[in-house]
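Please read it alongside the sequence and the model.

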Amino acid sequence: MHYDIAAKMLMEKCRNEILREFLGIAVAESTILEEAPQETVSVKRSDFPIWVRDESGGRRLVLVEIQSRWEKDLPVRLLNYRSRYLLKYAAEVVSCVLLLRPAPGAVSVYEDNEVTFRFRFIPIHDLDAREFVRRGTPCLLPFVPLMRHGEEAMEAADALIYGSSLPRGDKADMLTAMAILSGLVSKELPRMLLGRRRDTMIESAAYDLIKEEGYKEGMQQGMQQGIRQGVIDALEARFELVPDSIAAIIQEIDELAVLKALLKKAVTIDSLDSFRELLSKVLE
């Protein structure tokens, strides 16, 4: 799924709510910093550098990274972004990571022999979905599927967005963002949302991306099943009867490259026992 598209859409439309509720920043006004293309061609920029004016009138630059998975070098990259923006703008900088999925190695502090760097770390998956449904802020509800108790609270979140006073186009974007993000939890959740709210979601600019992704996924699954059956058919053509134990293992394999390799082996291997040994190595 296009998680970066969902993140961009939510930060463009809901960044003030995200800054307030997830990061605890008393934001009065915010603007995503747009840098000239030549400034970012060779140097990776932060996901979302945001100028924020708080309720007391203070101004700071908030760097927000939204990650669907933890990467070991993320703290160093974030420190790099912070240093560059600090040097360029000489302003107070706040560095933040919103992590969408659980990751055992995730940290909020980076240390080496010279540097200790602390940043704000918000594991979305640790937040309680029921609390956000109770608050009912439409802009934050797309994150509900990723939170604790998210799947059970998702129907209520969907109903709150659909029944909210948001303009229809914003509703479409919120529902579409929730469908995209729910794909991090289960392949069935986006399909369920699409089936229920397609009439509204079709008005979102990101709708075609979901449709395209679903089409690609369907093609992928069709290819996988076709090659699985091809392997079994090739073995049956050579050895007549394929044991259920071998067929069951073949049906569990999802990787196209592995299935293609097995198909080639199935037409040349000398016995079912040799093929069984090959499957054991694949499973290992």
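Which side chain does a polar contact of 2.7 Å join to that of Ser 56?

## Basis of the model

This is a predicted model, in which local features need pLDDT of at least 70 and side-chain atom pairs count only at pLDDT 80 or more, while totals for chains, interfaces and linings use all residues. Residues are numbered from 1 along each chain as its sequence is written, and side-chain values use heavy atoms, with hydrogens and water left out.

## Ser 56 and its loop

The partner is Asp 54, whose side chain is joined to that of Ser 56 by a polar contact of 2.7 Å (a pair of N or O atoms within 3.5 Å, of which, within protein, one must be able to donate a hydrogen and the other to accept it, residues adjacent in sequence counting only if both atoms are side-chain atoms). Ser 56 lies in the loop between β2 (48-54) and β3 (59-67), strands being DSSP runs of E of at least two residues and helices runs of H or I of at least four, numbered from the N terminus. Ser 56 is exposed, with a relative accessible area of 67%, where exposed means over 50%, buried under 20% and partly exposed in between (1.4 Å probe, protein chains only).

## Nonpolar cores

The largest nonpolar core has 53 residues, and Phe 22, Leu 23, Val 64 and Phe 143 have the most contacts inside it; such a core is a set of buried Ala, Val, Leu, Ile, Met, Phe, Trp, Tyr and Cys residues joined through side-chain atoms within 4.5 Å. Helix α1 (residues 3-21) gives the most to this core, with eight residues.

## Helix α6

Of the 15 residues of α6, 12 are buried, so this helix is largely enclosed by the rest of the structure. Among the buried residues of α6 are Lys 171, Asp 173 and Leu 181.
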